[in-house]
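Subject: A structure for you to explore

Hi there,

Here is the structure I promised to pass on. Have a look around it first, and then read my notes below with the model open beside you.

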Amino acid sequence: MVRLALPNPGLEARIPSLGELERIEQEESSSRPKWDNKAQYMLTCVGFCVGLGNVWRFPYLCQSHGGGAFMIPFLILLVLEGIPLLYLEFAIGQRLRKGSVGVWSAIHPALKGLGIASMFVSFMVGLYYNTIIAWVMWYFFNSFQEPLPWSQCPLNANQTGYVEECARSSPVDYFWYRETLNISTSIDDSGSVQWWILLALTCAWSVLYVCTIRGIETTGKAVYITSTLPYVVLTIFLIRGLTLKGATSGIVFLFTPNVAELAKPAAWLDAGAQVFYSFSLAFGGLISFSSYNPVHNNCEMDSVIVSVINGFTSVYAATVVYSIIGFRATERYDDCFSANILTLINGFDLPEGTVTQENFAEMQQRCNASDPAAYAELRFQACDMDTFLSQGVEGTGLAFIVFTEAITKMPVAPLWSVLFFIMLFCLGLSSMFGNMEGVVVPLQDLNIIPKKWPKELLTGLICLGTYLIAFIFTLNSGQYWLSLLDSYAGSIPLLVIAFFEMFSVVYVYGVDRFNRDIEFMIGHKPNIFWQVTWRVVSPLLMLAIFLFFFVIEVREELTYNIWDPAYEEFPKSKEIKYPGWVYAVVVLVAGVPCLVIPGFAIYKLIRNHFQRPGDQRALVSSPSAASVNGGLWS
Amino acid sequence: MVAFSMRKVPNRETTEISHVLLCNVTQRVSFWFVVTDPSRNHTLPAVEVQSAIRMNRNRINNAFFLNDQTLEFLRIPSTLAPPTDPSVPIWIIIFGVIFCIVLVATMLLILSGIQQHRRKHKGPSEMEDTEDKCENVITIENGIPCDPLDMKGGHINDAFVTEDERLTPL
């Protein structure tokens, strides 16, 4: 058993002792916020963990890495990486009863950088995440009309046909790229602010402000809806999806195991990364939420329950998404086949209804036998169901293109559209609560903000500041900026922070002390499974994932996909390289949080070094003279 | 029908059915047709025929109870109906409703927060008032009221008359 513990003088002075904990809880009950009931806490944590990634990242990964077989690395890594880290964050928050900056600076003053890095990452992610929510709101506002605006192309100027860009791609593509984003052809080409997206962004930030205005006092009420509504909508979509034609082919395609894929390391690494990001670890929000709990709350049970719910939601959402994708693929396949049937009928003047999907091959042969010359002239499209099914898109493409197209084919499309976008909105908003918590509480802990400022003002200023910075995503090139931040702000820094978190708790705080704390809080010491994972397994896994990503990212040239109507292969997206200054942005966004950790430690060490001689001088005692009535006694 | 359409074109009023020639008629009701010019014995250019058909498309369709999707004239694109365009886009209405609700909720929360803040600040000062009142209550012991010390604000003790008054004023 690895038992090294780094020297940590003064730890006892910085943290409340176990005996004091219960007394502190009593005293703090009026000043420090706390949960109204356990359900609020669980719903908030589940809402923070379950986000848009469960709906649009996991199904894509599952399908592209071997279907049902992907469950194996996913579940293994969930148990070995996700749950231990989650338990660790819950327990340390509940024990030290502070937000992320407070917790890490209590463990060791040089670790304050860890809290600051978490705050920085929460801020960056919150910046672009809320823009996605703004896009969802825009689609939601547009869903209250029949027919849906993305179901048909707009007409061109002389009304003889459709707008060319739309006719060459598709109505859903056109609505997303042109009418929503009005996207430019490169990240250099910024263009101007799109006022409609700005309105949606304003609405998104105002809703977020209303819900987080007083911290968990208000979010605790909001999560009753935002955390439960997605499950209701998912179930409605599952029932609706299963009654559609072709849904089962999608589900079968999703879960058909292809065990050969497991031999590729990419599957395992993607599974590890997905588990990690899906749990919203290292943002600091979970530590904050857990610190509002009563001292003897059973955090072990909580972490297991939240992990299980998160895993279950991923699989459930994947099922729903792929039932709808199966429906869409079947529609496309049917359309393709009908076009082929029409070609055959037109070519050979056969009566309607004589050629169907079942006897198509037979009829083809008959026609070929009767008139080979005419048959050779006919052009048939290749209709392959698997191609349609594996047009697996992820991210915004899944929600705003594939799914919206599928919805337009369902009867009563506006209803399904409204439901779908409400679900995405709730998923995104409940994750934003955690992000806001991860920004507001560290700012309060850092003592930058005067104490007498009310919380409403602080939250308002943060929302306003982030809203103003998010204007960059309303430009024509906004979507390129967003994908840039998505790829680099929310990936490597989190891995680094999580690794240092685990290292700090196990080796700087001391795993023995941590075990004793947990025994005090929940009544029994963590068993051998937790010991092994905390000390050895999880850090190694995180290190492996980090090294893999670092090596891959550094070696690859940074490219991105653009929407360019002038491209020859339009409507496919064109892949071009990022301009040079983007590398600076990437280093800033991904490097600053990582470097803040050692940077702050060095700064602290230097300060201590220079202050200690000075301090000692100040502590030299001057002889105190007793005086009575102002006169000095010698 | 084709002859009828051609008749509507100026200068072609004398087109008769016999001037429309059909060819390549198939069982699935598709055919090629040309319109001949009676006097000059040549076929009319396609553009003219197309514009004539386009003008009367609606009548042709109605005569057969068909529409643009079911009766197709190759190379004559149909004039598409413009989509309904409400004066105010619907999404602005929905946005306005939701934004107003959010603003109202924000105002209410901020106001209630200010009220709570004021109540908390009035609370400690109210506590001090009650403490003063306690002191002014006359304590009664054994049925005899005790005079609290500072009740009357102090007596002048004549024994300690200030020296100023003994001296006669100038």
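A disulfide is a covalent bond between the sulfur atoms of two cysteines. Over all chains, the structure holds two disulfides.

In one of them, A:Cys166 pairs with A:Cys153, and the sulfur atoms are 1.8 Å apart. A:Cys153 sits in the loop between α8 and α9 of chain A, while A:Cys166 belongs to helix α9 itself, so the bond ties together parts that are 13 residues apart in sequence. The link of A:Cys153 and A:Cys166 is left-handed, with -80° about the S-S bond.

The link of A:Cys336 and A:Cys383 is left-handed, with -90° about the S-S bond. A:Cys336 counts as buried, at 7% relative accessibility.

If you number the bonded cysteines of chain A in sequence order, the pairing reads 1-2, 3-4. A:Cys45, on the other hand, is in no disulfide: the nearest cysteine sulfur belongs to A:Cys49 and is 6.5 Å away. A:Cys45 is buried, with 0% relative accessibility. Another buried cysteine is A:Cys594, which has a relative accessible area of 16%.

**The annotated binding site**

Which residues does the UniProt annotation "binding site" cover? According to that unreviewed entry, they are A:Gly47, A:Val50, A:Asn54, A:Ser278, A:Asn310, A:Leu427 and A:Ser431. They are spread over 385 residues of sequence, yet they cluster in space, and the largest C-alpha distance is 12.8 Å.

- A:Val50 is placed in the loop between α3 and α4 of chain A. It counts as buried, at 5% relative accessibility. Leaving aside neighbours within four places in sequence, A:Val50 is in contact with A:Tyr231, A:Asn310, A:Thr313, A:Leu427, A:Ser430 and A:Ser431.
- A:Asn54 is found in helix α4 of chain A. It is buried, with a relative accessible area of 2%. With neighbours within four places in sequence again left aside, the contacts of A:Asn54 include A:Cys49, A:Ser278, A:Asn310 and A:Thr313.

**The nonpolar cores**

The largest nonpolar core has 198 residues, and A:Ile107, A:Phe237 and A:Leu424 touch the most other members. Helix α8 (residues 112-141) of chain A gives the most to this core, with 20 residues. Apart from this core lies another one of twelve residues, among them A:Leu344, A:Ile345, A:Val355 and A:Met363.

What does A:Ile107 touch? Not counting residues up to four places away in sequence, its contacts include A:Leu11, A:Arg14, A:Ile92, A:Leu96, A:Val505 and A:Tyr509.

**A helix to check by hand**

Just after α22(A), A:Asn447 takes a positive phi of about 60°.

The predictor gives the complex an ipTM of 0.82 and a pTM of 0.83. Chain B averages a pLDDT of 71, and 50% of its residues score at least 70. Among the elements of chain B, helix α4 (residues 90-136) has the highest mean pLDDT, at 80, and strand β3 (residues 140-141) the lowest, at 56. Where pLDDT is low, the predicted coordinates should not be read in detail.

Enjoy exploring, and write back with any questions!

Best wishes

How values were computed: Residues numbered from 1 in each chain as written. Chains lettered and ligands numbered in written order. Predicted model: local features only at pLDDT ≥ 70, side-chain atom pairs only at ≥ 80, totals over all residues. Heavy atoms only, no water. Core = buried A, V, L, I, M, F, W, Y, C linked by side-chain atoms within 4.5 Å. Buried < 20%, exposed > 50% of the residue type's maximum accessible area, 1.4 Å probe, protein only. Helix = DSSP H or I, 4+ residues; strand = E, 2+ residues; numbered from the N terminus. Contact = heavy atoms within 4.5 Å. Disulfide = S-S within 2.5 Å. UniProt positions renumbered as here; feature names shortened; annotations may be inferred. pLDDT = per-residue confidence, 0-100.
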